[in-house]
Amino acid sequence: MNPSHTADAVASVYAADADSVRDRYREVLAHFGSGVVVITSARPDGSPVGMTVGSFTSISMEPPLVGFFAGNTSTTLPSVVSNGAFCANVLAEDQHLLARTFARSGADKFAGVDWTRSATGSPRLAGAHAWIECTIDDHRPIGDHDLVVGRVDALGVPTASEPLIFHRSVFHGLRAHR
């Protein structure tokens, strides 16, 4: 069978067709599963801020660096950057409602949320699968997002749990297949 006639080939979008790429970008990238992270920090008055991100990654082991992307229209990002520090709270599979809460704009995201303040003032969310406290090492705009790189200062896995995964616009738990 000619591969150009398969269903996958017909549904493919090629980079040479810029309009098609733009139209299908979100749909196609939704097929990439990602962990769900709430980035937290503090305003100058000490009040907590936070936002859900789906683009969090390890960058370097030596020195230990992680990074995340946030939309450059984010109202939370300026507080994170001005603080100079953040905590990446990797959500546990039962924290999908928390992920939705921190994805909203304008609401009191910390109402009813159990958390403790880290040494940098950034909230560590109770029940998180893991947390990573960072000092901002680099920050730069890239396209319609900003990249924030954090130097890891402290990290931990507070409880035995499974991570929350986001795939095809739905939250999932992680199931091991052996």
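What follows is a short chat about a predicted model.

Student: What should I know about the model before I start?
Tutor: It is predicted, so local features need pLDDT of at least 70 and side-chain atom pairs count only at pLDDT 80 or more, while totals for chains, interfaces and linings use all residues. Residues are numbered from 1 along each chain as its sequence is written, and side-chain values use heavy atoms, with hydrogens and water left out.

Student: How many helices and strands does the protein have?
Tutor: There are 4 helices and 12 strands. These are DSSP runs numbered from the N terminus: helices are H or I with at least four residues, strands E with at least two.

Student: Which strands form the open sheet, and in what order?
Tutor: The order is 3-2-6-9-10-5-4, 7 strands with antiparallel pairing. Two strands pair if DSSP finds at least two bridges between them.

Student: And the edge strands? Which are they?
Tutor: Strand 3 (48–53) and strand 4 (56–60), each of which pairs on one side only.

Student: Over how many bridges do strand 2 and strand 6 pair?
Tutor: Residues 37–42 of strand 2 pair with residues 85–90 of strand 6 over 4 bridges, in the antiparallel sense. T40 stands opposite C87 in strand 6.

Student: New topic. How much of the protein is buried?
Tutor: Of the 178 residues, 36% are buried, meaning under 20% relative accessible area with a 1.4 Å probe, protein chains only.

Student: What about contacts between residues 24 or more positions apart?
Tutor: They make up 62% of the contacts with a separation of 6 or more. Contact means heavy atoms within 4.5 Å.

Conventions
Buried means under 20% relative accessible area, exposed over 50%, partly exposed in between (1.4 Å probe, protein chains only).
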